[in-house]
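This briefing describes a predicted model. The points below are grouped by topic and may be read alongside the sequence and coordinates.

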Amino acid sequence: MSDPETQTIEADVLVIGGGTGGPMAAIRAKEANPNLRVVLLEKANVKRSGAISMGMDGLNNAVIPGYATPEQYVKEITIANDGIVHQKALLAYANGSYDMIRYLDKLDVRFEKDGAGDYAVRKVHHMGTYVLPMPEGHHVKKVLYRQLRRLRIGVINRYMATRLLRGADGRIGGAIGVNTRTSEFLVIRARTVVLACGAAGRLGLPASGYLFGTYENAANCGDGHAMAYHAGAALANLECYQINPLIKDYNGPSCAYVTGPFGGYTANNKGNRFIECDYWSGQMMLEFWRELESGNGPVFLNMRHLAPETIGEIETILHSNERPSRGRFHARRGTDYRHRMVEMHISEIGFCAGHSASGVWADERAQTTVPGLYAVGDMASVPHNYMLGAFVNGAIAGQEAARFCAEVDLPMPDAEMLAAEQARVLAPTRRADGLTPFEVEYKTRRLVNDYLAPPKITAKMRIAQERFAEIREDLDSLVARDPHELMRALEVQSILDCADMAAAASLYRTESRWGFYHFRVDYPETDNDDWFCHSLLCKDAEGRMAHRKRAVDSYVVPVDATEMTAYQKLRIAPAQEAA
Amino acid sequence: MPLAAHDASVPVVVDEAKCIAAKGCTVCVDVCPLDVLAIDLVRGSAFMKYDECWYCMPCEVDCPTGAVKVNIPYLLR
Ligand SMILES: Cc1cc2nc3c(=O)[nH]c(=O)nc-3n(C[C@H](O)[C@H](O)[C@H](O)COP(=O)(O)OP(=O)(O)OC[C@H]3O[C@@H](n4cnc5c(N)ncnc54)[C@H](O)[C@@H]3O)c2cc1C
Ligand code: SF4
Ligand code: SF4
């Protein structure tokens with residue numbers, strides 16, 4: 001490939017990632033100040049990118065007056081996360097939740113309502129009631145796209161951001177992107193940047209061995225985490241992995257949140273319930289894993305007992321929304337919900353605050369530790385944030401960025417850094433032979449499964465670090481024969497960064513916490529004396545991975561000690577199990 | 001290290017008789033989040049170029065002529 005062109009543009013607010021939180025950040029920044037130059041950069045195409053590519057079948061965490069209060073929600077998520085939460089950020093989300101639902105409703109996102117026109121909220125969580133179904137939720141992206149067009153927001157599709165820029169004073173200064181079809185370079189100088197690149201969903205290897213058969217949208221491979229890390233931002237509690245229950249082999253949701261309110265439930269091979277509550281938490285995943293490992297596995301989703309009309313309704317929701325191909329998957333295997341339970345499994349590991357808790361540190365204003373840099377959605381550290389959290393925190397980040405960029409000038413990018421980044425990005429195109437991105441990615445992710453997945457064992461994680469260091473040397477042999485392969489070659493570098501962060505963060509926290517997510521065999525107890533704190537990981541001045549503790553801020557919603565253990569009592573007692 | 005080709009069946013199939021890429025359509029290529037579809041200019045039809053599919057289905061749902069069929073990739077079928 002000959003050397004691609006470099007173009008430079010300027011923006012007031014640059015949003016990276018046009019999935020869920022990203023478009024909302026761009027929309028709210030522009031609504032806050034229509035004169036701002038807002039640019040939305042997307043690796044794929046905003047029309048169909050991200051986790052909600054095909055819509056969503058419900059809001060998992062709606063805080064709606066009459067059903068729940070923001071304080072109840074904050075309490076529930078605090079307990080589900082063993083107390084390690086930045087409550088102010090949870091409360092900011094919860095306070096914005098209802099307004100965002102009404103805003104989306106106004107834009108024509110359709111939620112389930114009862115006969116009186118009120119939102120029909122359902123109970124799935126252990127304690128409160130927060131699930132709002134969206135049986136017609138397949139058009140969410142269309143609604144967002146329409147609003148982006150209406151506000152004339154500058155959208156740049158098919159550019160993958162590779163690194164963030166910082167000004168001499170340490171403030172954020174923009175980002176570098178590369179076109180995934182031409183390898184053209186783009187330097188975007190910006191006063192503020194909102195990161196919304198989704199989960200690190202291509203970290204472990206799915207049991208099927210298919211690299212793109214992930215739970216998360218496979219375009220989300222941890223680029224955002226890697227970019228934040230290299231820009232010096234802190235990442236929080238990465239050892240609190242994301243591990244999801246899912247349809248075995250298909251690797252997508254089965255989905256207990258939809259079927260639960262209709263009467264579906266998770267069962268063992270005897271058809272018996274073994275957990276009290278299907279809401280995902282580390283404790284729930286621990287019980288799920290134990291059941292899989294016991295003679296009672298596999299685990300299934302059972303709907304056989306439901307009325308035919310109910311099953312018909314469930315099929316309409318599950319097979320036209322979110323992951324519509326699951327209907328096709330079941331049909332081929334002859335799995336009819338009426339007669340057969342759906343075999344389930346647990347996923348490979350990833351980082352995702354949408355479903356779990358870890359990511360780039362973001363406070364109640366979506367601010368990271370780098371001035372002018374915001375992070376939202378699955379890649380930011382606000383726990384159990386799901387789709388509505390990405391929207392609400394996207395909105396907060398958009399407004400904050402709009403405010404901040406009015407106060408600051410445009411930093412000058414460092415020419416040396418730009419040249420170095422261009423050399424790093426293009427290196428795989430300069431080789432005629434070497435290692436393909438496919439094989440390097442496969443090996444990295446296979447090693448993640450072998451050595452980093454819980455139960456976590458110190459000796460294994462150290463071996464992982466040795467293997468990852470060897471692969472890091474192999475990066476100098478990566479070869480890309482076209483721009484598409486170059487995108488994959490860059491992605492594998494993000495994946496390796498995330499694998500290294502997962503190992504380092506897991507080794508740092510010498511206790512067990514969050515059920516299965518951080519189950520350390522060498523330190524099986526929870527140690528509140530030493531570890532009731534966030535762990536922060538960041539790149540130090542010498543370019544090494546460094547760690548520090550951050551105290552948990554005093555709670556804005558008090559939780560008493562007796563309530564704190566609610567999520568640790570999820571297993572149904574054996575006598576009850578038979579009932 | 002020299003490279004060898006590594007063939008695989010692809011999950012997404014395009015019906016060339018229905019595809020109107022020759023008239024300028026690129027919808028499926030535009031929407032794919034993994035960017036794995038392309039247009040074969042000689043045949044005037046879309047096709048799956050890379051076996052890197054999330055079986056998410058925008059290509060099938062958004063195709064104006066119903067030419068695309070998404071199958072579940074063989075390894076996880
Ligand atoms: C299968 C599935 C089912 C779910 N079900 C529900 C549900 O029922 N209810 C619910 O509330 N939540 C659900 N969630 C969670 C919810 O969808 C997510 O939490 C939310 O959509 C995340 O939004 P986001 O903006 O962080 O990420 P995304 O929407 O995934 O967007 C990230 C975007 O960043 C882009 N990107 C990545 N890297 C780069 C780069 N280097 N440069 C430029 N762009 C980049 C990606 O292409 C993508 O468009 C589900 C998630 C999944 C995957
Ligand atoms: S969207 Fe349909 S008609 Fe258009 S190029 Fe793709 S397959 Fe052909
Ligand atoms: S199913 Fe999804 S990933 Fe596969 S080709 Fe179609 S749009 Fe692309």
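Lys539(A) stands opposite Met545(A), a residue of strand E17(A). This pair belongs to the antiparallel pairing of strand E16 (residues 533–539) and strand E17 (residues 545–551) of chain A, which runs over seven bridges.

- In chain A, an open sheet of four strands has the order E14-E9-E16-E17, with antiparallel pairing.
- The edges of this sheet are strand E14 (359–360) and E17 of chain A; each has a single partner strand, so one side of each lacks a neighbour in the sheet.
- Strand E9 (residues 235–236) of chain A pairs with E16(A) in the antiparallel sense over two bridges.
- Within E16(A), Leu536(A) is the residue opposite Ala236(A).
- In general, the strands of a sheet pair through backbone hydrogen bonds, in either a parallel or an antiparallel sense.

**Ligand 1**

- Ligand 1 is surrounded by 39 residues, the closest being Thr20(A), Glu42(A), Gly58(A), Asn220(A) and Asp378(A).
- The shell around ligand 1 comprises 17 nonpolar, 14 polar and eight charged residues.
- Gly58(A) places a backbone N or O atom 2.7 Å from a nitrogen atom of ligand 1.
- Glu322(A) has a polar side-chain atom 3.0 Å from an oxygen atom of the ligand 1 molecule.
- In the side chain of Asp378(A), an N or O atom is 2.6 Å from an oxygen atom of ligand 1.
- On its own, ligand 1 has 1,000 Å² of accessible area, and the protein covers 99% of that area.
- Strand E3 (58–59), strand E6 (159–166) and helix H10 (386–405) of chain A are the elements that give two or more residues to the shell around ligand 1.

**His518(A), a buried loop residue**

- His518(A) lies in the loop between helix H14 (483–508) and helix H15 (528–531) of chain A.
- His518(A) counts as buried because its relative accessibility is 0%.
- The side chain of His518(A) reaches the backbone oxygen of Arg509(A) at a distance of 2.9 Å.
- Beyond its neighbours within four places in sequence, His518(A) is in contact with residues including Glu239(A), Lys456(A), Ser506(A) and Glu511(A).

- Ser254(A) and Cys255(A) are joined by a cis peptide bond with omega near 15 degrees; Cys255(A) is in the loop between strand E10 (245–247) and helix H6 (256–259) of chain A.
- Pro454(A) and Pro455(A) are likewise joined by a cis peptide bond, with omega about 0 degrees; Pro455(A) is in the loop between helix H12 (437–452) and helix H13 (458–474) of chain A.
- Arg152(A) has a positive phi near 55 degrees and sits in the loop between helix H4 (140–150) and strand E5 (154–156) of chain A.
- Arg152(A) counts as exposed because its relative accessibility is 71%.
- His384(A) has a positive phi near 50 degrees and sits in the loop between strand E15 (373–375) and H10 of chain A.
- His384(A) is buried, with a relative accessible area of 1%.

**Chain B as a whole**

- Chain B contains two helices and four strands, which follow the pattern β-α-β-β-α-β along the sequence.
- Along the principal axes, the C-alpha atoms of chain B fill a box of roughly 40 × 30 × 20 Å.
- Of the 77 residues in chain B, 48% are buried.
- Among chain B contacts between residues at least 6 apart in sequence, 55% join residues at least 24 apart.
- Chain B has an accessible surface of about 4,000 Å², and 56% of this surface belongs to carbon and sulfur atoms.

Note on methods: Residues are numbered from 1 along each chain as its sequence is written. Chains are lettered from A and ligands numbered from 1 in the order in which they are written. This is a predicted model: local features need pLDDT of at least 70, side-chain atom pairs count only at pLDDT 80 or more; totals for chains, interfaces and linings use all residues. Side-chain values use heavy atoms; hydrogens and water are left out. Two strands pair if DSSP finds at least two bridges between them. Buried means under 20% relative accessible area, exposed over 50%, partly exposed in between (1.4 Å probe, protein chains only). A polar contact is a pair of N or O atoms within 3.5 Å; within protein, one must be able to donate a hydrogen and the other to accept it, and residues adjacent in sequence count only if both atoms are side-chain atoms. Contact means heavy atoms within 4.5 Å. Accessible areas come from the Shrake-Rupley method with a 1.4 Å probe; for residues, only the protein chains shown count as cover. A residue is near a molecule or strand if one of its heavy atoms lies within 4 Å of it. Ala, Val, Leu, Ile, Met, Phe, Trp, Tyr, Cys and Pro count as nonpolar, Asp, Glu, Lys and Arg as charged, and the others, Gly among them, as polar.
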